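Have a look at the sequence and the model below.

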Amino acid sequence: GPNGVLGKREVVAFIGSHACEVKSYELSAPTVTPISRTTAVLVYRAEQDTRCGGHPVPSPTWATSLYVLRGGRWKNVLYQQVPASR
């Protein structure tokens with residue numbers, strides 16, 4: 001993200017802080033690309049009306065998540081988003 005790399009601990013702490021107010025959130029154009037039997041990439045477009053710390057969150061964006069199958073569960077191991085063209 002804009003502030004560098006965050007680990008699970010930092011992400012969980014941020015979500016638990018309630019620093020963001022989400023008024024609306026919509027996903028579209030989801031695409032899943034299998035890389036192997038245990039790895040897949042999810043790409044989608046997100047539009048939202050969200051403020052964090054009083055500041056608007058960029059919208060719309062394209063988000064990419066890398067998932068791996070570990071212990072019988074799909075886990076998100078990488079997330080990145082970029083501003084989308086309107």
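What follows is a short tour of a handful of residues, from their surroundings to their backbone geometry.

This is a predicted model, in which local features need pLDDT of at least 70 and side-chain atom pairs count only at pLDDT 80 or more, while totals for chains, interfaces and linings use all residues. Residues are numbered from 1 along each chain as its sequence is written, and side-chain values use heavy atoms, with hydrogens and water left out.

Let us begin with Thr50. Thr50 sits in strand β2, residues 39-52; helices (H or I, at least four residues) and strands (E, at least two) are DSSP runs, numbered from the N terminus. Is Thr50 buried or exposed? Its relative accessible area is 4%, so Thr50 is buried. Buried stands for under 20% relative accessible area, exposed for over 50%, and partly exposed for what lies in between (1.4 Å probe, protein chains only).

The side chain of Thr50 also makes a polar contact, at 2.8 Å, with the side chain of Gln48. Such a contact is a pair of N or O atoms within 3.5 Å; within protein, one must be able to donate a hydrogen and the other to accept it, and residues adjacent in sequence count only if both atoms are side-chain atoms. Not counting residues up to four places away in sequence, Thr50 touches Cys20, Glu21, Val22, Ser24, His55, Pro56 and Val57, where contact means heavy atoms within 4.5 Å.

Pro56, one of those partners, belongs to strand β3, residues 55-56. With its neighbours within four places in sequence left aside, Pro56 is in contact with Thr50 and Arg51. Pro56 and Cys20 lie 36 residues apart in sequence, and their C-alpha atoms are 9.4 Å apart in space.

Next comes the backbone. Most residues other than glycine have a negative phi, and most peptide bonds are trans. Against that background, phi of His18 is near 60°, a positive value in a residue other than glycine, and phi of Ala29 is near 55°, also positive in a non-glycine residue. His18 is in the loop between α1 (8-16) and β1 (20-36), whereas Ala29 is in strand β1. The peptide bond from Ser59 to Pro60 is cis, with omega near -5°, and Pro60 is located in the loop between β3 and β4 (61-70).

Here are some accessibilities side by side.

| Residue | Relative accessibility | Class |
|---|---|---|
| Pro56 | 57% | exposed |
| His18 | 67% | exposed |
| Ala29 | 42% | partly exposed |
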